[in-house]
Amino acid sequence: MTYLPITGAPAYLVKVIVISGLLYGYYRLFLRDRLFHRYNRLFLLGIPVLSFVLPLIPLPTGYFFPLITHTSILSGALHAITPGDWNEPAGAAGNAGISHPWPSGQGLIAGIYLLAVGLLLYTFLRQLWYIRRLPGKYPREKMGRIAFFMTREPGTPFSFLNLLFWNEEIDINSDRGRQIFRHEWYHIRQQHTLDLLLLKTVLVLFWINPFFYLIYREIRTIHEFLADRYAVAGGDRYEYAELLVWHSIHDQPLSILHPFFQSSIKRRITMLTQLTSNKPGYWSRAMALPLAILLLCAFAVKKRSVSPTPTLQTFTVVIDAGHGGIDAGAVAGDAKEKDINLDLALKVKQLSPEYHVNVVLTRQTDELAGGKSTIRESLEYRTEMAKESHADLFVSIHVNAGGNDLNGFSVYVSPDNAYYPQCVKLGSAMIDALKTSYTTMKDLKQPLQGVTVLRQNTVPAILLECGYIDKPADLAFISDGQNQEKIARDILQGIQHYQEAQAAGK
């Protein structure tokens with residue numbers, strides 16, 4: 001299965017929603033309204049945790065059947081070659097014409113998302129501020145670990161952390177009053193408020209996930225099941241159920257409180273009449289573990305398993321981070337091509353041992369290659385490196401600019417290179433690898449102007465244009481650290497497939 005075109009934070013968010021939806025669906029089918037309330041509480045609280053963690057766990061591909069994975073689809077066919085304009089400025093002086101980009105569609109969506117987060121956070125903080133002010137309005141009475149307040153507030157009695165706000169119209173010494181007190185005392189003792197505060201924070205940050213709302217509502221109901229069971233222990237549960245019916249609430253309390261007379265009355269009464277069961281539900285609980293393992297296999301981060309042919313020798317490849325030092329390359333806003341090129345080159349170097357590729361970098365810092373003082377000297381130094389290091393290949397990494405309606409990656413080869421057929425094979429393998437991660441032009445490009453690192457090189461050489469720095473979508477993709485790792489792995493896998501094809505005599 002090919003890699004989904006959603007990457008970075010949106011891809012992670014999609015995985016979180018899907019995982020939480022599957023786990024909540026399992027809860028609805030097999031666990032909801034069963035009598036093991038403590039287990040259900042832990043299960044529901046574990047759904048957000050698993051949803052956040054599973055997509056971040058690295059697993060090698062090929063071991064399981066990934067639903068969302070990153071696999072390379074290499075056809076082995078050579079790609080067509082077409083002329084390509086060389087739009088890259090020669091140095092920093094050529095960047096004046098590149099304007100600051102307008103906010104992209106992704107930026108607009110992110111802005112709307114953050115605006116919604118801000119509004120929800122404001123509402124949440126207002127609720128907390130309301131509760132923070134209540135203790136100052138009424139006299140406090142200490143009852144062990146409980147701070148007790150006799151109030152006239154609508155929706156009382158309710159509890160929050162170790163605060164219990166009582167209604168002065170309810171006699172706490174009556175049978176019903178004692179049952180209500182035991183109910184709220186259980187909420188406080190079990191620290192149910194912390195569950196709600198945690199989930200409320202999750203709802204603020206991940207408001208777009210509908211399953212988190214359902215989980216939040218279900219957790220509140222389970223809290224009531226547990227507190228009801230404790231309140232009627234040794235008492236008349238039918239009288240207690242009658243109490244719930246007669247005092248069905250008309251006020252709407254805050255969602256982060258534990259009001260005694262809250263909604264879900266019908267389900268609470270049903271649970272009260274089923275305090276014992278002959279069906280322990282061991283299987284429905286035990287099967288949650290295989291489900292979690294299944295989701296791990298399906299949605300964890302897939303690291304590509306690298307299995308090079310044992311007979312292949314380690315390739316030496318010069319990875320050239322274009323520009324550097326006084327030569328910034330293309331610039332858009334605060335983004336400079338030389339910095340992006342270097343980040344990608346360093347990432348290729350870091351990952352290269354996994355692919356049995358020996359990488360030689362033309363530069364490792366923000367300077368002209370070889371510490372030269374002019375761009376011309378730097379270009380000549382780069383081409384000499386391939387010869388001096390006895391390299392097998394040369395790959396120059398750049399970022400494009402000024403492509404009008406164009407976007408995405410492209411691969412350049414030069415017919416002036418002495419190993420032009422091998423350049424075409426390497427460039428074709430590179431296109432097949434890169435296209436699995438991002439938009440990539442299907443044809444190889446030949447620069448209309450001479451490119452020193454391609455034309456004068458003594459080994460097969462290609463030049464990669466990793467998107468357009470003045471296209472917001474491209475810039476957002478290539479600036480993301482996770483995406484840079486994908487690009488680096490694509491480059492290494494393209495090299496590896498070229499190496500395998502050469503060994504096979506293709």
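A residue is termed buried when its relative accessible area is under 20%, exposed when over 50%, and partly exposed in between (1.4 Å probe, protein chains only). By this criterion Leu 22, with a relative accessible area of 42%, is partly exposed. The model is predicted, and local features therefore need pLDDT of at least 70 and side-chain atom pairs pLDDT 80 or more, whereas totals for chains, interfaces and linings use all residues. Residues are numbered from 1 along each chain as its sequence is written, and side-chain values use heavy atoms, without hydrogens and water.

Leu 22 lies in helix α1 (residues 8–30); helices (H or I, at least four residues) and strands (E, at least two) are DSSP runs numbered from the N terminus.

The largest nonpolar core comprises 48 residues. Such a core is a set of buried Ala, Val, Leu, Ile, Met, Phe, Trp, Tyr and Cys residues joined through side-chain atoms within 4.5 Å. Among the members that touch the most others are Ile 319, Met 430 and Leu 464. Helix α13 (420–434) and strand β13 (393–400) are among the elements that each supply at least two residues, and α13 gives the most, with eight. A second, separate core of 41 residues includes Leu 13, Tyr 27, Ile 47 and Val 117.

In strand β13, eight of eight residues are buried. Leu 393, Val 395, Ile 397 and Val 399 point one way, and Phe 394, Ser 396, His 398 and Asn 400 the other. Strands are paired if DSSP finds at least two bridges between them. Five bridges join β13 to β9, in parallel, and six join β13 to β16, also in parallel. Ile 319 stands opposite Val 395, and His 398 opposite Glu 465.
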